[in-house]
Structures are given as C-alpha cells and as structure tokens.
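Colleague: I would like to learn how to read a structure feature by feature. Please take me through one.

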Amino acid sequence: MGLQEFWFLLIGVLFTGYFVLEGFDFGVGMLMPVLGKGSDTRRRVVLNTIGPVWDGNEVWLITAAGALFAAFPEWYASMFSGFYLALLLLLVALILRVCAIEYRGKINDPKWRAWCDLGIGIGSWIPALAWGWVFANMVRGVPLNAEKQITGSVMDLLSPYALLGGLATAVLFALHGAVFLVLKTAGEVRTDALRVARALLVPTAVVVGGFGLWTQLAYGADWTWIVLATGVLGLALAAVANFAGRDGWAFVGTTLGVVSATVLIIGSMYPNVLPSTISPLYDLTVHNASSSPYTLKVMSWAALFATPVVLIYQGWTYWVFRQRIRVEQIPPPVGLPRSGKG
C-alpha cells in the first residue's frame, strides 16, 4: 500500500467516524420536535443525551477536511468549488446548529427556546440530506473538465441517484438517532423513542437498501457486495434487538448500517476520488490528485501520534457520560430573563 492509498483509506475512516458519531447527533436534532413535543423538560432530556459529546463528534469533520486539503489538494479544490453552494449551505446549517445548542439555555424564555429548537432542527436536517447528496455525486461523477473544474449547473447534480443518496442518509441518521435515544434515556422519553425507532425501521430499510443496491450494481466492486450484505445484517440486527429490548445491540446494528453505507460509497469511488462524466481522461484519482510523497510522509508521522490521543479522549468522554437520562433528573431552567422582562 502506497502513501496515496493509505491517506485515501484514512480519510475514509475519518468520514466513517464522523457519520457514525455525528449521525446520531443529527438524528437526535431531527427527532427533537417529535420526542420533545409539549414539554420543554422532555426536549432538554433529548438534547442532553448529546450535550457532552456533540462538539467532540464534529472534530472528526474538521480532521477529515484538513486531511483532505493536505493529502489531496486537487480533490479538495475541485469538490469545494464545484459544490460551493451546497457546502456553504451545509456550513451555515452547522453553524446555526452550534449556536442554537449553545445558546438555548442562556435565556429563560419559551419563545427564545422555540427559535433555538428550530435552529437545531434546520441544522440537523440540512446536513443529513446534504452529505448523502454530495457523496452520491462523487460516486456517480461530475462534469469535470481538463482544468479540473466542475462545469454545468446545479441541475446537473440533482440526478435521481444523488437525491436518493440524500434521502438515504437522512432516514438512516434519523433511525440511528432514535436508537441512540432509546439507549440513552429512561421513562416516557425512552418509550416514545422506541416507538419512533420501530416506525422508522421499514422506511429506512427500503430507502437505504435501494440506494445501496443501486450503488453496488452501478458503481461497486466485487468486494463491496460483502459491505452491502453487512449493512443489511446490521439493519436486521437493529430491528431484532429493538423488539427484543436489547438497546445496546440495536445501536450496534445501526452503527453497522452507517459504517457499511460509508464504506460502500467510498469503496465504490476507488481509485477515483472525483470521476468526470465528460471523459475518463479527466478523472481525479488517488494518484493525480495527491500531494507530494514528502508531504504525505510528514503527515503520516503526525497522524500516527495524534490519532490515538483523540480516540482515547473521546472514548473516555463517552464512558464518563454513559448513564441514562430521565425527565426527573432535569432541573428547572436557570437562564437569564429576556430583555424587557426584568
């Protein structure tokens, strides 16, 4: 394995970790209006399940984007210029979500919290849809010319396959989030989360299964059949464990589903990183889009030392905050009064 292949694999691992961890964060935000309906305390229970970890989960995206920029600058430049509007919208949504989560409890006012809840919902739904759409287009190919610029209009990127990819990640993250809430809550919130998770099982299996099969038949390799089968088994495990009351195994199942979907997409791209629909001669590959061997070598040593530290810290965080949360544990709000109300 050369350094180019190593860094392609590492970037795949980073995006996989991001989708697994931030996937249930997005799912929690997407389901917050449903599971927190009628009670601010219930909404705080839902939000507190990700409160200690959501910002740490986003580190995976920052690291993946940094690694992409350093290891494959041509891939980074072409992708971010060609998907500029979509990625800008995604970035704005993520910023809106961060601000809404951070400032929700700062002011003790129902209207303030309602606006923040709206921001959390928008900031969860848009990335959940956008990531699937972006990666589906990278698998399918884009109108990339000889100057390594994506030509055409936004309509060229709105193919049925890409739109199905966006829907697939959205429903998969919603199920992942619902199962996480079943694992992390107790009492009435857990009961409702369990009901939502069971309702999402069939739609998720249909949409994600359809997208996975389309990807495999049109773009997959022989070995990615195993990945697709693993994803199917993961969703089956989630369904069986969900009805059997084995919350941990249900979460393992949805995690396998997210991992398999990501590996299937990234594995179907290789050796391309951004194929061209104009001509195969214009494809960006792991070799013609990479940095110099010296740059990749220096980055490899840095990754060797930094990666274990990040993994140990994040594992410790999840262990410390492993307890379930229930409505009775939530104290009264302590935010500042809204301006003009004393």
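**Reading the model**

Modeller: Start with Leu-158, which sits in the loop between helix H6 (110–140) and helix H7 (160–184). Helices (H or I, at least four residues) and strands (E, at least two) are DSSP runs, numbered from the N terminus. This is a predicted model, where local features need pLDDT of at least 70, side-chain atom pairs count only at pLDDT 80 or more, and totals for chains, interfaces and linings use all residues. Residues are numbered from 1 along each chain as its sequence is written, and side-chain values use heavy atoms, with hydrogens and water left out.

Colleague: Is Leu-158 buried, exposed or partly exposed?

Modeller: Buried means under 20% relative accessible area, exposed over 50%, and partly exposed in between (1.4 Å probe, protein chains only). Leu-158 has a relative accessible area of 33%, so it is partly exposed.

Colleague: Which residues form a nonpolar patch on the surface?

Modeller: Patches are made of residues with over 30% relative accessible area and no salt bridge; like charges are joined within 9 Å, nonpolar side chains (Val, Leu, Ile, Met, Phe, Trp, Tyr) within 5 Å. Here the patch consists of Tyr-84, Leu-85, Leu-88, Leu-91, Val-92, Ile-95, Val-154, Met-155, Leu-158 and Leu-163. Together they have about 960 Å² of accessible area. Such areas come from the Shrake-Rupley method with a 1.4 Å probe; for residues, only the protein chains shown count as cover.

Colleague: Which helix gives the largest share of the nonpolar patch?

Modeller: Helix H5 (residues 84–103), with six residues.

Colleague: What does Trp-7 touch, not counting residues up to four places away in sequence?

Modeller: Contact means heavy atoms within 4.5 Å. With those residues left out, Trp-7 touches Ala-67, Ala-71, Phe-72, Leu-296, Met-299, Ser-300 and Ala-303. Thr-16 is buried, at 12% relative accessible area. Not counting residues up to four places away in sequence, Thr-16 touches Val-259 and Thr-262.

Colleague: And Val-208: where is it found?

Modeller: Val-208 is in helix H8 (residues 188–219). Its relative accessibility is 14%, so it counts as buried. Neighbours within four places aside, Val-208 is in contact with Ala-168, Val-171 and Leu-172. From Val-154, a patch member, Val-208 is 54 residues away in sequence and 24 Å away in space, C-alpha to C-alpha.

Colleague: On to charges. How many salt bridges does the structure hold?

Modeller: A salt bridge is a side-chain nitrogen of Lys or Arg within 4 Å of a carboxyl oxygen of Asp or Glu. The structure holds 13. One of them joins the side chains of Arg-97 and Asp-25 (3.9 Å, N to O). Arg-97 lies in helix H5 and Asp-25 in helix H1, so the pair ties together parts that are 72 residues apart in sequence. Arg-97 is buried at 1% relative accessibility, and Asp-25 is buried at 0%.

Colleague: Which residues are linked in a network of salt bridges?

Modeller: Asp-40, Arg-43, Arg-104, Arg-113 and Asp-117. Within it, Arg-113 and Asp-40 meet at 3.3 Å, N to O. This pair links distant parts of the chain: Arg-113 is in helix H6, Asp-40 in helix H2 (residues 40–48), 73 residues apart. Arg-113 counts as buried at 10% relative accessibility, and Asp-40 does at 17%.

Colleague: Last, how many disulfides does the count come to?

Modeller: A disulfide is a pair of cysteine sulfur atoms within 2.5 Å. By this rule the count is zero. Cys-99 is in no disulfide; its nearest cysteine sulfur, that of Cys-116, is 9.2 Å away. Cys-99 is partly exposed at 35% relative accessibility, whereas Cys-116 is buried at 8%.
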